[in-house]
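User: Hi! I've got a structure open here and I'd like to talk through it with you. Could you start with whatever term I'll need for the helices?

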Amino acid sequence: MPLAPWKKKNKSTKEHLVENEEVSGGHAGAGSLAKAAVNGAGLPPPPANLRPKLVFHTQLAHGSPTGRIEGFSNVKELYGKIADAFNILPHEILFCTLNTHKIDMDKLLGGQIGLEDFIFAHIKGIKKEVEIHKSEDALGLTITDNGAGYAFIKRIKEGSVVDGVKVICVGDHVECINGKNIVGTRHFEVARMLKELPRDKTFTLKLVEPMKAFEMLEPRSKGAKPAGDNKITNGKGTLRLRSKGPATVEDEPTEFEEKAVQKVDDLLESYMGIRDTELAATMVEVGRDKKNPDEFAMALDETLGDFAFPDEFVFDVWGAIGDAKQGRV
């Protein structure tokens with residue numbers, strides 16, 4: 001049976017992204033949240049007295065005392081808790097890293113937090129505006145978003161157009177493109193906008209870089225353990241944040257899950273110009289028990305209906321999940 005009948009044709013806003021302009025999900029790395037998640041998507045959260053009491057430690061990445069936060073189920077709620085702890089506004093937070101105060105894109109907080117992870121919040125710093133001459137089709141940027149409305153630069157390709165503009169840095173929040181405010185725009189839409197800018201023309205970016213300190217705090221390899229009755233005895237667990245439904249405590253990803261998610265994330269970049277590890281993880285969950293590509297395509301459409309995936313991509317993702325099951329990835 002062909003895959004095409006399950007691709008939604010009636011949503012004009014769904015456009016395939018070109019291969020050369022990259023996007024990443026956040027953490028995102030520790031990636032951005034998927035539009036929907038299986039195993040609990042859409043379910044009401046359990047009563048507060050039945051939820052596990054998990055306490056996490058946090059600091060502002062440029063330097064601050066240590067705060068304690070708890071009682072959040074998604075990234076937006078997490079930012080709200082961090083903001084309350086440090087008497088700042090949630091929209092001042094650009095992104096968070098786990099177990100390091102540095103702007104390390106491999107340590108971005110996304111859909112999962114280890115139960116012993118220490119959370120560092122990077123907040124808005126200096127604003128800057130730069131003009132760029134688009135001399136090539138691809139700018140060499142990888143874009144991710146923080147799950148709360150801010151797109152920022154995850155990677156700059158060496159030797160690319162943007163690599164030659166030294167004022168642009170990894171971690172910079174993309175606030176405006178040619179005067180158009182894009183706050184609240186998802187990463188794949190930002191990548192499409194950048195890709196569609198005409199070649200051999202000059203355009204303007206307004207950026208906000210993360211606040212930096214003269215003396216950075218020493219990074220911690222592990223988060224501090226909660227004391228007393230809040231102590232977590234299983235250090236290998238993770239708290240999974242979901243865009244819909246309550247957060248859940250889960251075991252660390254298996255070897256199969258890690259390999260499959262990495263491969264699917266690579267395919268997302270290759271086919272659609274985006275990187276989003278949480279989206280990839282959701283696709284692996286959807287596909288792990290499906291018997292054939294057509295069944296997988298139907299499940300993707302039901303679970304992730306806001307995305308329009310090319311047929312070839314669906315076949316390759318199905319194959320990647322199968323390879324991971326057999327240990328061939």
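Analyst: Happy to! A residue is called buried when its relative accessible area is under 20%, and exposed when it is over 50%. Keep in mind that this is a predicted model.

User: Great. Which residues of α2 are buried?

Analyst: The list for α2 runs H187, F188, E189, V190, A191, R192, M193, L194 and K195. That makes 9 of the 9 residues in the helix, which spans 187-195, so α2 is largely enclosed by the rest of the structure.

User: What relative accessibility does H187 have?

Analyst: H187 sits at 0% relative accessibility, so it counts as buried. This residue lies in helix α2.

User: Nice. How many salt bridges does the structure hold?

Analyst: The count is 12. As background, side chains of opposite charge can pair when their charged atoms come close.

User: What about K128, which residue does it form a salt bridge with?

Analyst: The partner of K128 is D172, and their closest N and O atoms are 2.9 Å apart. K128 belongs to strand β6 (residues 118-133) while D172 is in the loop between β8 (151-156) and β9 (173-177), so this pair ties together parts 44 residues apart in sequence. K128 and D172 are both buried.

User: Which residues are linked with those two in a network of salt bridges?

Analyst: The network links K128 and D172 with E209 and K212. Within it, K212 and E209 form a salt bridge whose closest N and O atoms are 3.5 Å apart.

User: And are E209 and K212 buried or exposed?

Analyst: One of each. K212 has 51% relative accessibility, so it counts as exposed. E209 is buried, because its relative accessible area is 14%.

User: Switching topics: at what angle do α4 and α6 pack?

Analyst: Helix α4 (residues 277-287) and helix α6 (residues 311-325) pack at about 75 degrees, and their axes are 10 Å apart. Angles from 65 to 115 degrees count as roughly perpendicular, so that is how α4 and α6 are described. On the α4 side the contact is made by M283, V284 and G287, and on the α6 side by F313, V317, W318, I321 and K325. By type, the residues of this contact divide into 6 nonpolar, 1 polar and 1 charged.

User: Is α4 mostly covered or mostly open?

Analyst: Mostly covered, with 11 of its 11 residues buried. Among them are T277, E278, L279 and E285.

User: How do α5 and α6 cross?

Analyst: The axes of α5 (residues 293-303) and α6 come within 10 Å and cross at roughly 110 degrees. They are therefore roughly perpendicular to each other. P293, F296, A297 and L300 of α5 make the contact with V314, F315, V317, W318 and I321 of α6. Here the contact residues divide into 9 nonpolar, no polar and no charged.

User: Last one: what is the mean pLDDT of the chain?

Analyst: The mean is 77, and 70% of the residues reach 70 or more. Residues 1-22 stay under 50, although the model has 62 contacts beyond four places in sequence for that stretch. Residues 25-42 are also below 50, and have 92 contacts in the model beyond near neighbours in sequence. Where pLDDT is low, the predicted coordinates should not be read in detail.

User: Got it, thanks for the tour!

How values were computed. Residues are numbered from 1 along each chain as its sequence is written. This is a predicted model: local features need pLDDT of at least 70, side-chain atom pairs count only at pLDDT 80 or more; totals for chains, interfaces and linings use all residues. Side-chain values use heavy atoms; hydrogens and water are left out. Buried means under 20% relative accessible area, exposed over 50%, partly exposed in between (1.4 Å probe, protein chains only). Helices (H or I, at least four residues) and strands (E, at least two) are DSSP runs, numbered from the N terminus. A salt bridge is a side-chain nitrogen of Lys or Arg within 4 Å of a carboxyl oxygen of Asp or Glu. Axes are lines fitted to C-alpha atoms, for helices over the stretch in contact, and angles run from 0 to 180 degrees between N-to-C directions. Angles under 35 degrees count as roughly parallel, over 145 as roughly antiparallel, 65 to 115 as roughly perpendicular and the rest as oblique. Contact means heavy atoms within 4.5 Å. Ala, Val, Leu, Ile, Met, Phe, Trp, Tyr, Cys and Pro count as nonpolar, Asp, Glu, Lys and Arg as charged, and the others, Gly among them, as polar. pLDDT is the predictor's confidence in each residue, from 0 to 100.
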